Amino acid sequence: MGEVGKAMGLLISGTLVYYHCAYRNATILSLFADVLIVLLCSLAILGLLFRQLNVSVPVDPLEWQISQDTASNIVARLANTVGAAEAVLRVAATGHDKRLFVKVVICLYFLSALGRLISGVTVAYAGLCIFCLSMLCQSSQPLGNCVLKLANGEVLEQEAPSDT
């Protein structure tokens, strides 16, 4: 699946989550419970159908596992992200870096004001839409005629080499 497919899948999933949380006034926990119920019922119906039609399933879902390396990688990335955020907040809180402190205070004030105006789900959905649009724009840039390069703050247009 290409970048366009990923962006569209992410946008559709985000739209469904936004609808569930914003318009139905339901929680994320409710959404996960609904999704698990639908998946469980779908798998049960498919299992019964396959048994009735004597269709053998090539992969047993009870044998699905992730490797130890994959699990360690997921936990390591999560720990690095949390550690980096904690380090930034610790440095800002101690006051050693005044510029960082001011940036953190301004960001938190902006997020607080934004949270009073708009619900958090709406802000998250808007961020998701912007992210998906940027993915679509990056993947739809033509690679043929010109290549834009950023050099010393100005955009230069260069002809791409042709195959003739």
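What is the handedness of the crossing where helix 1 passes helix 5? It is left-handed, meaning that the near helix is turned anticlockwise from the far one by less than a right angle; clockwise would be right-handed.

Before going on, some ground rules. This is a predicted model, in which local features need pLDDT of at least 70 and side-chain atom pairs count only at pLDDT 80 or more, while totals for chains, interfaces and linings use all residues. Residues are numbered from 1 along each chain as its sequence is written, and side-chain values use heavy atoms, with hydrogens and water left out.

The protein has 5 helices and 2 strands, in the order α-α-α-α-α-β-β along the sequence. Helices (H or I, at least four residues) and strands (E, at least two) are DSSP runs, numbered from the N terminus. Of the 164 residues, 9% are buried. Buried is under 20% relative accessible area, exposed is over 50%, and partly exposed is in between, with a 1.4 Å probe and protein chains only.

Back to the helices. Two packed helices are described by the angle between their axes and the distance between the axes. The axes of helix 1 and helix 5 (residues 120-139) come within 9 Å and cross at roughly 170°. Axes here are lines fitted to C-alpha atoms, for helices over the stretch in contact, and angles run from 0 to 180 degrees between N-to-C directions. Helix 1 and helix 5 are therefore roughly antiparallel. Helix 1 and helix 2 have axes 9 Å apart and pack at about 125°, which makes helix 1 oblique to helix 2. The cut-offs are under 35 degrees for roughly parallel, over 145 for roughly antiparallel, 65 to 115 for roughly perpendicular, and oblique for the rest. The crossing of helix 1 and helix 2 is right-handed.

Leu16 sits in helix 1 (residues 3-23) and is exposed, at 55% relative accessible area. From Leu16 to Leu31 is 15 residues in sequence and 9.7 Å in space, C-alpha to C-alpha.

Next, charges. How many salt bridges does a search of the whole structure find? It finds 1, where a salt bridge is a side-chain nitrogen of Lys or Arg within 4 Å of a carboxyl oxygen of Asp or Glu. Glu86 and Arg90 form a salt bridge at 2.9 Å, N to O. Both lie in helix 3, 4 residues apart, about one turn of the helix. Glu86 is partly exposed at 40% relative accessibility, and Arg90 is partly exposed at 45%.

Finally, Val55 lies in the loop between helix 2 (28-52) and helix 3 (68-94). Val55 is partly exposed, at 39% relative accessibility.
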